[in-house]
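Reader: I am new to this structure. Please take me closely through one part, then show me what else is there.

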Amino acid sequence: MRQLCKGNVAVVKGAVLAGCRAYYGYPITPASEIAEYAALYIPEVGGTFVQAESEVASINMVYGAASTGVRVMTASSGPGLSLMQEGISYLCGSELPCVIVDVVRGGPGLGNIAPEQSDYFAMVKGGGHGNYHNLVLAPASVQEMADLTMLAFDLADRYRNPVIVLTDGFVGQMMEPIELQVSEVNPPEKPWAVKGTPETQNNLISSIYLEPDDLEKHERKLEQKYKLAQMLETRLETYMTDDAEILLVGYGIVSRVLRSAVDEARAQGLRAGLLRPITLWPFPSKALAETAARCKTVLTVEMSTGQMVEDVRLAINGKVPVELYSRIGGNVPSVEEVHARMLECAGAEV
């Protein structure tokens, strides 16, 4: 089924097709259409939509619904996600699967409603207390807003963990043609869930372990789960990297600019390539290191003052120079700006 769709709406359509039957949220620009269309579509398939009184309330409603085994989601932007951090830590500690969409706007504080990528640290590095990880997916198109949301529900159930769909205001607000396939969804059985049945009457959802040894055992269990995800769930896309001398690294809307920048550089005789992380956690460190080893310079481009660049540098471990080019405040790097920065990097290498 081919249709023209806005990114934020594609998220909801993907969620419904993935079997999401509960949404609890509070509207915020530039993510408000997600709540709007969840209110429209989810009740049509027998699900529940509640506009909560706040983001704090909504993430705790997500906790409750996830405890019953329902596929559940919420969405917000920077200030709202800041309020949800405690609840996200509780969800991870209680091993409750859910999907959380962050349509990033400028910050810190209220910032503005224009797109940034400045929530990377908050979502990828945690943001709340304790030893935990979110799985984080980064769509770069409207099609991926639907596809990666569907994948997010599968990953959430597979690892019993929140999965973040981390996008930006441009991808959330743009309209593009997408293809949607309706198919039967069979979410896995969840014997741990609390369902009010005799079989589940002894189930208890909690993240509190008063004895140190018990908490250590629980955290080691989480640690092993995250190590498994790092082995199995890294995803990335490369473009013209086989003979690249300069490797561009970027995600979301930036990666689309970088693809055009690679084409521009190639047309002018500069061998450039692109690596786009699709999973920001687990980060594709091994693939990045292997690709960068064939290059002279790596240029990370972000709509932040430099957050993902730290993971890029950790992956490459000093073997290749890593530079940063960034725009902030809602500004998107242009092809011309990136190309000029590439020429600077190439000149430095010469």
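In which loop does Asn-203 lie?

Author: Asn-203 sits in the loop between β8 (175–179) and α8 (212–232). Helices (H or I, at least four residues) and strands (E, at least two) are DSSP runs, numbered from the N terminus. This is a predicted model, where local features need pLDDT of at least 70, side-chain atom pairs count only at pLDDT 80 or more, and totals for chains, interfaces and linings use all residues. Residues are numbered from 1 along each chain as its sequence is written, and side-chain values use heavy atoms, with hydrogens and water left out.

Stay with Asn-203. Its relative accessible area is 23%, so it is partly exposed. Buried means under 20% relative accessible area, exposed over 50%, and partly exposed in between (1.4 Å probe, protein chains only). Leaving aside neighbours within four places in sequence, Asn-203 is in contact (heavy atoms within 4.5 Å) with Pro-191, Trp-192, Ala-193 and Val-194. Take Pro-191: it is 12 residues from Asn-203 along the chain, and their C-alpha atoms are separated by 8.7 Å. Now take Trp-192. The Asn-203 side chain reaches the backbone oxygen of Trp-192 at 3.0 Å. A polar contact is a pair of N or O atoms within 3.5 Å; within protein, one must be able to donate a hydrogen and the other to accept it, and residues adjacent in sequence count only if both atoms are side-chain atoms.

Compare another loop residue. Cys-295 is placed between α10 (285–292) and β13. It is buried, at a relative accessible area of 9%. Beyond its neighbours within four places in sequence, Cys-295 contacts Ala-244, Glu-245, Leu-247 and Val-320. Ala-272 is 23 residues from Cys-295 in sequence, yet 9.1 Å away in space, C-alpha to C-alpha.

Next, the sheets. One is open and mixed, with 5 strands in the order β9-β11-β10-β13-β14. Its edge strands, β9 (236–239) and β14 (322–326), each pair on one side only. Two strands pair if DSSP finds at least two bridges between them. β13 (residues 297–302) runs parallel to β14 over 5 bridges. There, Val-298 stands opposite Val-322. Helix α9 (residues 253–267) packs on this sheet and touches β9, β10 (246–249), β11 (272–277) and β13. The directions of α9 and β11 make about 165 degrees. Helix α11 (residues 308–316) packs on the sheet too, touching β10, β11, β13 and β14, at about 160 degrees to β13. Axes are lines fitted to C-alpha atoms, for helices over the stretch in contact, and angles run from 0 to 180 degrees between N-to-C directions.

The other open sheet has 7 strands, ordered β3-β2-β4-β5-β7-β6-β12, with mixed pairing. β3 (48–51) and β12 (279–281) are its edges; each has a single partner strand, so one side of each lacks a neighbour in the sheet. Strands β2 (residues 22–25) and β4 (residues 72–76) run parallel, joined by 2 bridges. Ala-22 has Val-72 as its bridge partner in β4.

Last, the core. The largest nonpolar core has 110 residues, and Leu-248 and Met-342 have the most contacts inside it. Such a core is a set of buried Ala, Val, Leu, Ile, Met, Phe, Trp, Tyr and Cys residues joined through side-chain atoms within 4.5 Å. Helix α6 (residues 142–159) gives the largest share, 10 residues. At least three residues come from each of domain 1 (2–232) and domain 2 (237–349). The domain bounds come from an automatic or database domain assignment.
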